[in-house]
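Keep the view open and turn it as you read.

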Amino acid sequence: MLSDEADPFGHPKKAYICRADVYSIAHKKEVSNSALFFYMSYLNKVLKQKKMEDMIRFVDSDKVSAIGSGTPTARSRDLSVMYKNGKPGQIYLIPYNTGQHWTLTIVNPELETARYMDPLKRRLDGSEWPAIVTNSIKMYRGLLRKQPGKKKASPWKPLLGAPIQKDDVSCGYYVMRYMKEIVEDNNIDLDKKWGTRAGLTYTAEEIDEIRGEWAEHVLQFPDQ
């Protein structure tokens, strides 16, 4: 068992990797919450090396998941407080599991935008997640005591050009790759890069790069 006490979320969190997680990454099986955390820990190191940690912040998937994270209102409130306590202009990368499937939401609370990336391009009809994110932005405005301005369009927008997985288990790796590309591009324009349908997919080499970075990062921690 390996543990990491890192702060990709703006506060220390102790996470563990078990043999099952190592097996899953080695054999391209489904990605767990803890495995995803270790990759965000790696990307946070990249941000610090590039002196970009004030530009991007990761959100703990355990804090927003449908199970064990409170009511939708409570999750919206927690996100809004996180935005308020963040840096000006910071964007938030939020991995979200809709139920055996990973997706990524990118929120810019100052611009009041939320971009949604789903490796399977599933519709979210009936899902509580878009409302949770939209309400978190509204609550953030309330915390800042901003006066209501002109009515804006919904902040929620799916990025239809995001690369699409071709199997049933790669969603976690795709979300990791999405985050990697956002972190590595200093001036990424999400709408320009992924806003329109393009039929893209990631190659096996691009997914293997993620797995290699994950393994190299995990090997830095002592077995406990």
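Two strands pair if DSSP finds at least two bridges between them, and the strands (E, at least two residues) and helices (H or I, at least four) are DSSP runs, numbered from the N terminus. What you have here is a predicted model, in which local features need pLDDT of at least 70 and side-chain atom pairs count only at pLDDT 80 or more, while totals for chains, interfaces and linings use all residues. Residues are numbered from 1 along each chain as its sequence is written, and side-chain values use heavy atoms, with hydrogens and water left out.

Start at strand E4 (residues 91-97), which pairs with E5 in the antiparallel sense over six bridges. The two form a hairpin with four residues between them, and Gly99 in that turn has a positive phi of about 120 degrees. Asn97 stands opposite Trp102 in E5. On the way onward, E5 pairs with strand E6 (residues 113-117), again in the antiparallel sense, over five bridges. Here Val107 has Ala114 in E6 as its bridge partner. This hairpin also has four residues between its strands, with Glu112 in the turn at a positive phi of about 60 degrees.

Now look at E5 itself (residues 102-108): seven of its seven residues are buried, so the strand is largely enclosed by the rest of the structure. Buried means under 20% relative accessible area, exposed over 50%, and partly exposed in between, with a 1.4 Å probe and protein chains only. Trp102, Leu104, Ile106 and Asn108 point one way, and Thr103, Thr105 and Val107 the other.

Next come the aromatic rings. Rings of Phe, Tyr and Trp (its six-membered ring) pair if their centres lie within 6.5 Å; planes under 30 degrees apart count as stacked, over 60 as edge-to-face and the rest as tilted. The whole structure holds ten such pairs. Tyr83 and Tyr140 have ring centres 5.9 Å apart and planes at 80 degrees, so this pair is edge-to-face. Tyr83 lies in helix H3 (residues 72-85) and Tyr140 in helix H4 (residues 129-143), so the pair ties together parts that are 57 residues apart in sequence. Tyr83 is buried, at 2% relative accessible area, and Tyr140 is buried at 5%. The rings of Tyr96 and Trp129 are stacked, because their centres are 4.0 Å apart and their planes at 5 degrees. Finally, ring pairs join Tyr174, Tyr178, Trp194 and Tyr202 into a cluster.
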